[in-house]
Structures are given as C-alpha cells and as structure tokens.
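Trainee: I would like to learn how to read a structure. Please show me one and take me through it.

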Amino acid sequence: GVKAKIAPSMLSSDFANLASEAERMLQFGADWLHMDIMDLYIISIDINCRLFHSISSALLPFLFAPKKNRHFVPNLTIGAPVIQSLRKHTNAYLDCHLMVTNPLDYIEPLAKAGASGFTFHVEVSQENWQELVQKIKAKGMKPGVALRPGTPIEQVFPLVEAEAPVELVLVMTVEPGFGGQKFMPEMMDKVRVLREKYPSLDIEVDGGLGPTTIDVAASAGANCIVAGSSVFGAPSPQDVISILRKSVEG
Ligand code: DX5
Ligand code: ZN
C-alpha cells in the first residue's frame, strides 16, 4: 500500500512562532508541513453563504471590485518570504497548497524559497497545466493538483495520465479559504474513484480531518492527511497525529 503522510496545516499554528511550531509538529511525528498559500481571488470565485459570512465586511469592497483590483496584496496568508524564513529552521518537507489565481507566478519564488511540493488548483489552470507541471518538476518540486468540492473528479484524470503527470491529487473536503470548517463526507466518492484508478497515487485530503473523520477518509483510500485545527487544538497533538497515521496504515 501507499505510505501515510501526516501533514499538520500550519494555517492553524501561531504564525508569530512558526519555526518552533513546525519543530514541535515534527517532534510529534508529522511527516510533512502543509503550507496554505492564498490570495483573495480564489476565495471569491463562487462565494457561497458559509463563506460569505466568514469574510469580514472590510474585505467586501475588494471582493466586488473589478477583477484586476481583487489582489489587495499578492498573498493573504503565507507567501514565498515566509517559506524562505521557515526553510532556514527546518529540513522538513514543505507541502505547499496554492490557492491563488496565477500559480505560474509562484513557481520560481517558491522553488527559491525552498518549497518541496507545489499543488495548484485545477480550476485556475485549465489552459496551462502542462506548462505548470513541467516547470514545477524542472525546479525540483513535487507537482500536485487540487480540486474544490464543486469540481468533478474527471477534471484531474488528464493531469494524472499525462506524460509529465502530477504526482499528487488533493481532494478538498471543505471550501478552500479557512481552517476549522466541517468535513464533507460526500467528497469520499472522489477519493474512492481515484484510488481505484490509480493504486499508487498520493491522494491528499484537506479540510475538517481529525480523529472523528479520518476512518472514512482512510478507508476511501486517502494517504496524505492534512489536519489543522484538530491537531493544533488538541491537548495532545502527538496523539492526534498517531491516530491519523494508524487509521491510514492500519
Ligand atoms: C483550507 C486549507 C486547509 C486548512 C485545513 O483552505 O486548505 O489546509 O488549513 O484546516 P482544518 O484541518 O482546520 O480544516
Ligand atoms: Zn490546504
């Protein structure tokens, strides 16, 4: 079978102490560190009620601004400078999840900064995914593709079957944008379809994973597990990481 990769989402960590938070997670048994790199646009693509209420009213003028003005800053959370700072403190695998409009712009800066994995969204790369994958590989990073809950799984098949394929598929189990949301079990159909078609593919799940939701994800075939609030919010993050691993590895 495929090996478990437990990836605490640093979005739930104390950003002011990122290096020690990372170190702590590795000591607790984490395999990867999941780094969420976001800008505003992808969050606003198909605004739904839940997200609408989560976004502070101060941001609304930007969300409804013409497209070219939507990037208030290039990154709303973590960007290449933060990855670069963290890289100076750790050799860990930095699993970067790009929730941005133009992933191409970030390949070079993130590679330089020391990113290990580069996972872009299929929704923003329908025209240039081949170029993206080739450039990510050329820079020595592991290429991955992510899909939002509303995106059909068929959209990633060509990327997995390409001559230069993605090496990981990230199935979002919440709407991207924020940690601490509720796991969507209906996304497990996507995971099952992927696992049946591609027995050795790295299949990552992201959003709402923790001790109460891991078994359904693991039995569907997910092996890379992102977990933010369930790990950072636990009295013993170590126990949570070990529960996640046992569920995947059996
Ligand atoms: C959401 C991010 C996730 C998030 C997961 O947009 O992609 O990585 O941090 O957080 P939890 O595990 O709290 O749902
Ligand atoms: Zn993520």
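**Reading G179 and its surroundings**

Mentor: Leaving aside neighbours within four places in sequence, G179 is in contact with S9, L11, S12, G228 and S229. Two residues are in contact if their C-beta atoms, placed from the backbone, lie within 7 Å. This is a predicted model, in which local features need pLDDT of at least 70 and side-chain atom pairs count only at pLDDT 80 or more, while totals for chains, interfaces and linings use all residues. Residues are numbered from 1 along each chain as its sequence is written, and chains are lettered from A and ligands numbered from 1 in the order in which they are written.

Trainee: Where is G179 placed, and is G179 buried or exposed?

Mentor: A residue is buried if 20 or more other C-beta atoms lie within 10 Å of its own, exposed if 12 or fewer, and partly exposed in between. G179 lies in the loop between β6 (168–172) and α9 (188–197); helices (H or I, at least four residues) and strands (E, at least two) are DSSP runs, numbered from the N terminus. G179 is buried because 21 other C-beta atoms are within 10 Å. By contrast, S20, in helix α1 (residues 18–27), has 12 such atoms within 10 Å and is therefore exposed.

Trainee: Which residues are closest to ligand 1?

Mentor: A residue is near a molecule if its C-beta atom, placed from the backbone, lies within 6 Å of it. Here 22 residues surround ligand 1, and the closest are S9, L11, G179, G228 and S229. β2 (32–38), β8 (224–227) and α11 (229–232) each give two or more residues to this shell. The UniProt annotation "binding site", from an unreviewed entry, includes S9, G179, G228 and S229; such annotations may be inferred rather than shown by experiment.

Trainee: Which residues of helix α6 are buried, and why are they on the same side?

Mentor: In α6 (residues 104–113), the buried residues are Y106, I107 and L110. They are on the same side of α6 because they cover an arc of only 120° around the axis, the arc being that of the directions from the helix axis to the C-beta atoms.

Trainee: Which residues have the most contacts inside the largest nonpolar core?

Mentor: In soluble globular proteins, nonpolar side chains tend to be buried together. A nonpolar core is a set of buried Ala, Val, Leu, Ile, Met, Phe, Trp, Tyr and Cys residues joined through C-beta atoms within 7 Å. The largest one here has 69 residues, and V191, A217 and I225 have the most contacts inside it.
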